[in-house]
Amino acid sequence: MTTTTLPVAPPGTVADGGASRAGRVPGDRVTVTRARIAGWLSLHWRSLALLTALLVACGLVHGLNLDGWPGRINDDEGTYAAQAYAMQYRGQITHYTYWYDHPFGGWLLIAIYTTVTNAFERAPSAVTAARECMLVVHLVSCALLYLLARRLGFRRVFAGLAVGLFSLAPLAVWYQRLAFLDNIAVLWVLAALVCAVSTRRSVGAAVASGVFMAFAFWSKETSLMLLPGVYLLLRQNRDPRNWRFVRRNFLGFLTVICGIYVLYAVAKNELLEGTGHVSLIRAVKWQLFERTASGSLLQAGSGTQGMAGLWLHMDPYLLGAGVVTAIPALFVRRLRMVAALLLIQVVFMFRDGYMPYAYVTAMLPFAALCAAGMLDVTLPRVPARGAPDSADREPHTRASRRRVAAARATRLALVVGVLIAGLVALPGEWAPKLGTALAADDSRPSRDAARWYIENVPNGHTVVTDDNIWTDLVIAGKKPDPIWFYKLDLDPAVRGKLKNGWQDVDYFVLGQLMPSTLHDLPLVAEGLRHSVVVKSFGPDGQITVRKVIKSARQ
């Protein structure tokens, strides 16, 4: 077990345990508390000032025009917003039958935010409300990243640099604004890492680390891919005197909290496959073995290669610097696990599996830590006042002093050169993209389409739409409830209500669907073929309102 040093009793109190409680007065406690706060602030005020400035800058870049850019690139954001709405207003896990595609902790956090802030009623769209939550998630993640960097031994300026890279790169702004579960999972992973490198090395810190990793799983199950790195960092930072208890509590709390997900499926009789109900085992089989693979990163023309090309086109600097510096970082003890967490995710891209659109999100904090961390390692440290210099530990010869001075000068020149190159290259590359992020309103077609339908089509018409618009129509009171277009083909409950299939649909409010999507959704495809455009929004009819032309017998 860890040992702690008991504080010296302040003047006016009794040192004896029982007597001190009896003799202590409220004024003494206030004095002690104030002294502790003052001492903590005097020790950490520089970090607080730097972190405050960073959070203000990051908050402005991510908060201004957060709804406009990126646009509604897919309806995953709308799905999580709709599921959060269902939790808040309908007391259900999702707005349709929950089928174990992801654990529901992520949109539960969104629902907590929208409940506390009344965001669904206040924001211009449901997706906007969910993106507001992502802004809060991002700022907390920035603070955790700074704290993690400091606990890994970064000097303040390099801890701040890591936060700046993590938050201000155009690739980061794009993905971290999106209402994706990956952003929430990253927050919990960073919290777990901060606890894993706690300076106290206590059982309590280990428990917190395990709990936070379980929360990451509940937000996005793929975060367990990072579990080995978190565990090894905890082990690297261990105190041999309590390691057995630390290990057991970390793994115990992690397993129990993650296991609740399985127990939930068991309690609902939805663990095993069967007729008439969804199944956790069935969802896992689909995720691991039956989902269409994106191909390997080495496979020419594969979806994975195309995704990586998209990331590098948007911003090659953050990921490139992170991957390049991760290799030497493996040989630096305090950076080893951070580098491993980045490289694990890179290696996974070489397998022939499914590559999620937001996969890069969990790579960003570790890329920033590797890049800033290697600069911190390279830059010579100024010896503390009164501490022996490295040159003093060498034999007192002119050659040794010259050798040490030359090594320091080389390392200093290398760091200064990298920083100057960054200051020269990055503004020209990042400024135009960040300018777009702060000004473009690529989400307007989706908002305008929803508003037009609400204002121009009376209740009583069945509409099929995407989940970005679904919640907005529900909040506006459109009846019957709109139908998420995937459910028209894939949900037996929806097909049971629409006996005539697409001919029971009156309107489609959709963007341009991929041919592969239409191939998998024949009822949607047939309905679109038998419809005419009533109104279009955005360049080249990005989103259209289409009226279905019924057959003569209808």
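Helices H9 and H11 cross with right-handed geometry in this predicted model. Their axes come within 9 Å of each other and cross at roughly 15 degrees. An angle under 35 degrees counts as roughly parallel, so H9 is roughly parallel to H11. On the H9 side the meeting residues are Ala192, Leu193 and Ala196, and on the H11 side they are Val230, Leu233 and Leu234. Sorted by class, this contact has six nonpolar residues, with no polar and no charged ones.

The axes of H16 (residues 336-348) and H17 (residues 364-378) come within 9 Å and cross at roughly 135 degrees. Angles over 145 degrees count as roughly antiparallel and those from 65 to 115 as roughly perpendicular, so H16 is oblique to H17. The crossing of H16 and H17 is left-handed. H16 contributes Val338, Ala339, Leu341, Leu342 and Gln345 to the contact, while H17 contributes Phe366, Ala367, Leu369 and Cys370. By class, the contact of H16 with H17 has eight nonpolar residues, one polar residue and no charged residues.

H9 spans residues 181-196 and also holds Asn183. With a relative accessible area of 7%, under the 20% limit, Asn183 is therefore buried. A polar atom of the Asn183 side chain lies 2.9 Å from the backbone oxygen of Leu178. Leaving out residues up to four places away in sequence, Asn183 touches Met134, Val137, Tyr175, Gln176, Leu178 and Thr361.

Asp506 is placed in a loop, between helix H23 (492-497) and strand E3 (507-511). Its relative accessible area of 16% is also under 20%, so Asp506 is buried. The side chain of Asp506 reaches the backbone nitrogen of Thr462 at 2.7 Å. The Asp506 side chain also makes a polar contact with the side chain of Lys550, at 3.1 Å. Not counting residues up to four places away in sequence, Asp506 touches Gly460, His461, Thr462, Arg546, Lys547, Val548 and Lys550.

Leu490 belongs to helix H22 (residues 485-490). With a relative accessible area of 56%, over the 50% limit, Leu490 is exposed. Apart from neighbours within four places in sequence, Leu490 is in contact with Arg495 and Leu521. Leu490 and Tyr357 are 133 residues apart in sequence, and their C-alpha atoms are 22 Å apart in space.

| Residue | Relative accessible area | Class |
|---|---|---|
| Asn183 | 7% | buried |
| Asp506 | 16% | buried |
| Leu490 | 56% | exposed |

For the protein as a whole, there are 25 helices and five strands. Of the 554 residues, 48% are buried. Among contacts with a separation of 6 or more, 70% are between residues 24 or more positions apart. The C-alpha atoms fill a box of roughly 100 × 65 × 40 Å along the principal axes.

Definitions and conventions: Residues numbered from 1 in each chain as written. Predicted model: local features only at pLDDT ≥ 70, side-chain atom pairs only at ≥ 80, totals over all residues. Heavy atoms only, no water. Helix = DSSP H or I, 4+ residues; strand = E, 2+ residues; numbered from the N terminus. Buried < 20%, exposed > 50% of the residue type's maximum accessible area, 1.4 Å probe, protein only. Polar contact = N/O pair within 3.5 Å; in protein donor to acceptor, adjacent residues only side chain to side chain. Contact = heavy atoms within 4.5 Å. Axes fitted to C-alpha atoms, helices over the stretch in contact; angles between N-to-C directions. Left-handed = near helix turned anticlockwise from the far one by under 90°. Nonpolar A, V, L, I, M, F, W, Y, C, P; charged D, E, K, R; others polar.
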